[in-house]
Amino acid sequence: MASIILKRTSFSSMKSMAGFIRTGATSFRAFAAKVEAGTDIVAAAPDVSLQKARTWDEGVSSKFATTPLKDIFRGKRVVIFGLPGAYTGVCSQLHVPSYKNNIDKFRAEKVDSVICVAVNDPYAMNAWAEKLEAKDVIDFYGDFDGSFHKSLGLEKDLSAALLGPRSQRWSALVVDGKVNVLNVEENPSDFKVSGGEHILKQI
């Protein structure tokens with residue numbers, strides 16, 4: 001699959017791009033991320049691990065173990081979506097439900113796992129997943145220090161909303177560790193290209 005290199009453009013040029021660039025089955029927001037079609041997501045974030053959602057007691061009993069990216073992506077067909085934070089409005093009301101409500105469609109497309117990741121600790125992610133009744137169908141991971149998103153160029157400063165360093169709102173299809181599709185919202189408050197229904201059309 002051909003890859004696209006996204007270059008920084010003027011604001012007026014970005015507006016004329018109709019929101020995203022598309023080629024084949026690959027769609028991108030007009031956003032200068034470090035990751036693109038064909039990127040090996042494991043190699044792009046070396047030495048980075050994520051933290052599976054869990055209770056505090058489970059964290060203690062596991063000796064605060066983390067999950068290497070290769071264990072999450074290698075040899076698998078994964079749909080992953082990132083969002084600004086647990087318990088926030090669009091994330092709770094629209095983003096997670098768009099994947100939860102379509103989980104059977106993802107399974108029909110032979111997706112091995114649907115993953116939600118945010119710059120939160122795994123304990124907050126666990127409680128949030130349980131509140132949304134989504135833990136049984138979506139794998140929730142914390143990126144507690146933001147290192148995963150920083151490695152991919154998907155970090156976002158949301159101090160204006162009292163959230164501090166967080167992430168863009170995005171989604172991706174990753175096959176055997178390589179990014180096939182990447183969608184990044186123009187603003188973290190938007191919900192236009194990162195939802196479950198949208199990426200289902202791209203698989």
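Predicted model: local features only at pLDDT ≥ 70, side-chain atom pairs only at ≥ 80, totals over all residues.

Residues are numbered from 1 along each chain as its sequence is written, and side-chain values use heavy atoms, with hydrogens and water left out.

**Exercise 1.** Find which residues touch the most other members of the largest nonpolar core.

Solution. Start with the term: a nonpolar core is a set of buried Ala, Val, Leu, Ile, Met, Phe, Trp, Tyr and Cys residues joined through side-chain atoms within 4.5 Å. Buried means under 20% relative accessible area, exposed over 50%, and partly exposed in between (1.4 Å probe, protein chains only). The largest core has 25 residues, and V96, V114, C116, W128, I138 and F140 touch the most other members. Next, see where the members come from: β5 (77-83), α5 (89-100) and β6 (113-118) are among the elements that each supply at least two residues. Helices (H or I, at least four residues) and strands (E, at least two) are DSSP runs, numbered from the N terminus.

**Exercise 2.** Work out why the ring pair of F81 and Y99 is called stacked, and what the pair ties together.

Solution. Rings of Phe, Tyr and Trp (its six-membered ring) pair if their centres lie within 6.5 Å; planes under 30 degrees apart count as stacked, over 60 as edge-to-face and the rest as tilted. The whole structure holds seven aromatic pairs. For F81 and Y99, the centres are 4.0 Å apart and the planes sit at 5°, so the pair is stacked. F81 is in strand β5 and Y99 in helix α5, so the pair ties together parts 18 residues apart in sequence. Now check the burial: F81 is buried at 0% relative accessible area, and Y99 is buried at 0% too. Y99 also stacks with F106, at 5.6 Å centre to centre and 10° between the planes.

**Exercise 3.** Is V60 buried or partly exposed?

Solution. First place V60: this residue belongs to helix α3 (residues 56-61). Then read off its relative accessibility of 43%, which means V60 counts as partly exposed.
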